[in-house]
Amino acid sequence: MDNRFYDNVMGEMSAFFEQNGFKAQDDGSFLSDTKKVLVEYSEERQMYLLKIAEVENGEAGEYAEAEAWLFDDTQNAKDAEAVGIEFTATLREKMGIKIKRAIGIDDVALPTATKSGNTNMNGFAKRVLDIYPAFKDDYKEHVSTYGNILYLDFFGATLVPEGKRVLEANEKKAVKKLYELLEDMFIKGDRETVNAAVAVAAAMAYKDEKVKANLFAALEADRQFYDSVRNFLPVFSKNKKLISLLVK
């Protein structure tokens with residue numbers, strides 16, 4: 001894979017660099033009075049890497065890897081923008097900088113569904129809010145904070161714990177509602193949305209045998225979805241980035 005999405009990653013970080021006194025260096029790094037930051041793509045690992053070095057008396061120390069984000073040929077410019085947003089959040093945390101709201105909460109519009117074609121991630125978010133309206137304030141807070149929606153992070157903070165609660169209680173109507181939401185995204189979603197539905201289901205079952213058993217009992221109605229989640233669970237359990245996004 002080439003590094004064609006590097007500019008998308010950096011585009012999401014540029015405002016932070018400018019606001020916090022970072023200057024671009026000839027080697028591609030960004031330097032401030034206290035930190036030196038380098039973002040690069042590792043072909044070998046198929047990951048974007050965020051590296052940070054401490055700066056003392058104008059001299060930068062050795063880089064330490066602060067974060068790594070899996071990014072392969074299945075991902076696109078929008079995914080790269082999500083990398084930039086996450087790297088910015090990590091850098092902000094490392095520097096002890098409190099986040100400033102990018103958008104006023106009252107200015108945040110709720111997601112709308114696509115009028116034609118497969119359901120996308122925006123449509124997935126809309127369905128979640130339609131079925132669980134209590135999460136509308138969480139959605140607005142998320143977008144207000146980041147200026148964008150990080151879908152997996154949002155689902156990890158809302159849909160996954162709600163799904164675990166529903167599957168733990170195993171009340172028939174609530175489980176049916178959850179199953180129909182996820183299955184609909186699996187059947188009607190575009191590639192990204194299908195993958196997200198499988199990952200969300202896997203996150204619900206992660207390290208919880210009771211929830212896992214109840215989830216698979218529900219998924220029996222759709223063997224393709226059932227097999228997709230079952231086959232993905234071992235992959236999910238080894239993917240630290242997905243776990244950090246979806247398991248809070």
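## Basis

In this predicted model, local features need pLDDT of at least 70 and side-chain atom pairs count only at pLDDT 80 or more, while totals for chains, interfaces and linings use all residues. Residues are numbered from 1 along each chain as its sequence is written, and side-chain values use heavy atoms, with hydrogens and water left out.

## Overall form

The protein has 11 helices and six strands (DSSP runs numbered from the N terminus: helices are H or I with at least four residues, strands are E with at least two). Its C-alpha atoms fill a box of roughly 65 × 40 × 35 Å along the principal axes.

## Largest pocket

The largest pocket holds about 880 Å³ of space. A pocket is an open set of points on a 1 Å grid over the protein atoms alone, with protein on both sides within 12 Å along at least five of seven lines; a cavity is a set where a 1.4 Å probe fits but cannot get out; lining residues have an atom within 4 Å of a point. Volume is the space filled by probe spheres set on the points, which are joined across faces, edges and corners.

Of the 31 residues lining the largest pocket, Gln 75, Asp 79, Leu 152, Glu 192 and Leu 242 are the closest to its centre. Two or more lining residues come from each of β6 (64-70), α2 (77-94), α5 (151-157), α8 (191-205), α10 (223-236) and α11 (240-246). The lining comprises 15 nonpolar, seven polar and nine charged residues (nonpolar: Ala, Val, Leu, Ile, Met, Phe, Trp, Tyr, Cys and Pro; charged: Asp, Glu, Lys and Arg; polar: the others, Gly among them).

## Largest cavity

One cavity of 30 Å³ or more is found in the whole structure. The largest cavity has about 40 Å³ of space, and its lining has eight nonpolar residues, no polar and no charged. Helix α7 gives the most to this lining, with four residues.

## Helices α7 and α10

The axes of α7 (residues 172-188) and α10 come within 11 Å and cross at roughly 95° (axes are lines fitted to C-alpha atoms, for helices over the stretch in contact, with angles from 0 to 180 degrees between N-to-C directions). Helix α7 is therefore roughly perpendicular to α10 (65 to 115 degrees).

In α7, Leu 182, Glu 183 and Phe 186 meet Gln 224, Phe 225 and Ser 228 of α10 (contact means heavy atoms within 4.5 Å).

Note on methods
Angles under 35 degrees count as roughly parallel, over 145 as roughly antiparallel, 65 to 115 as roughly perpendicular and the rest as oblique.
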